[in-house]
Amino acid sequence: MNALILSLQDLILNTKKQHSTMWLAIILVFYVLSTQAQTTAVKKEYKPFSISAHVKNMHTWHGFVVHPGALFATSLEFNSKNKKFTFGFWGGASFSPVDVSNINTGNNVSAYYKELSIYTKYRFSDRFFIEAVTHNNYTGVEERGDKLSYWSYDKTQGYNFVDVNFGYNLTPNTLLYLATIINGGSGDYEVQSDGSLTNSWTHYFEVNSKVWQNKTESLSLFAGGAWSFFTDKTFYTQSAGNIINVGATYNKQLSILDYKLPVDVTLMWNPEQEKTVLQVDLTLF
């Protein structure tokens, strides 16, 4: 009798241990599945808005030195969930001024670089995209004696213009880029013999190719030229179409403690203007 009781007790204890082990296994499985689900949810989280901030020693664009001194640039943009559509704002403000001539007094006055441009882009595929930009560089507008009007596109006022651009990735490392300034604007016109103004509709074409890279560095080469089908003068040139933007960009990811700081150094040469500059661009975030 005692032996039977002991056998029953052992069976009960073993059953309890098996149940405990089973429940422990079930809890462990649910924990793993929950953790994986949370990880998957984080990976798939959609963030429609993004911002960026840069510090640059100067600002260049398509062979132009837009501002020769140090500046701070930032952007705010919206991206669709499928990552095909982008709409954003890009702004810059300088730490140092440039001289502009006041149209009323003829005196030189100091003006800080100021720009707020609006852009939108649509990606048809991983290779092909179209974008439009309204450039609003209103540096020195009031200082030179003009009336500041953000939405003014008077071609003689000299600070607003729109371009429509196409980009095609010939290979993952080579981009073909065509930009067209629409209907003149911001000095993009030619004065005729009778005093009338003819819009130049400037076209700019650039080839940019990454020729070397490793885990933290890369080197890209680029060359760009401008022309117009309607006038000799273009937005970028004084008399005719020309090569205006030749150079290289070296990118390096600097490690500062746990922070990665992307740095771009661009060597740019404008053959028409006989101008060569070295631009440094630090991406803060």
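**Notebook: strands and salt bridges**

I began with Lys114. Its relative accessibility is 26%, so I logged Lys114 as partly exposed. I keep in mind that this is a predicted model.

**Entry 1: the partner of Lys114**

Which side chain meets Lys114 in a salt bridge? I found Glu143, with N to O at 3.9 Å. Lys114 sits in strand β6, while Glu143 sits in the loop between β7 and β8. The two are 29 residues apart, and the pair links distant parts of the chain. Next I looked up the accessibility of Glu143. Its relative accessible area is 24%, so Glu143 is partly exposed.

**Entry 2**

I then traced the strands. β6 covers residues 108-123 and β7 covers residues 128-136. They pair in the antiparallel sense, over six bridges. How many residues lie between β6 and β7 in their hairpin? I noted four.

β7 has another partner, strand β8, residues 160-171. β7 and β8 run antiparallel, and nine bridges join them. Here I checked Phe129, which stands opposite Gly167 in β8.

**Entry 3**

How many salt bridges does the structure hold? I wrote down three. Lys114 with Glu143 is one of them.

Another joins Asp146 and Arg144, whose closest N and O atoms are 2.7 Å apart. Is Arg144 buried or exposed? Its relative accessibility is 17%, so Arg144 counts as buried. The cut-off I used for buried is under 20%. Asp146 has 24% relative accessibility, so Asp146 counts as partly exposed.

I also looked up Lys252 and Glu217. Their side chains meet in a salt bridge at 3.7 Å, N to O. Lys252 lies in strand β14 (residues 242-256) and Glu217 in strand β13 (residues 217-227), so the pair ties together parts that are 35 residues apart in sequence. Lys252 is partly exposed, with a relative accessible area of 28%. Glu217 is buried, at 19%.

**Entry 4: recap**

Two of the residues I looked up are worth a second line. Arg144 is buried at 17%. Glu217 is buried at 19%.

Definitions and conventions
Residues are numbered from 1 along each chain as its sequence is written. This is a predicted model: local features need pLDDT of at least 70, side-chain atom pairs count only at pLDDT 80 or more; totals for chains, interfaces and linings use all residues. Side-chain values use heavy atoms; hydrogens and water are left out. Two strands pair if DSSP finds at least two bridges between them. A salt bridge is a side-chain nitrogen of Lys or Arg within 4 Å of a carboxyl oxygen of Asp or Glu. Buried means under 20% relative accessible area, exposed over 50%, partly exposed in between (1.4 Å probe, protein chains only).
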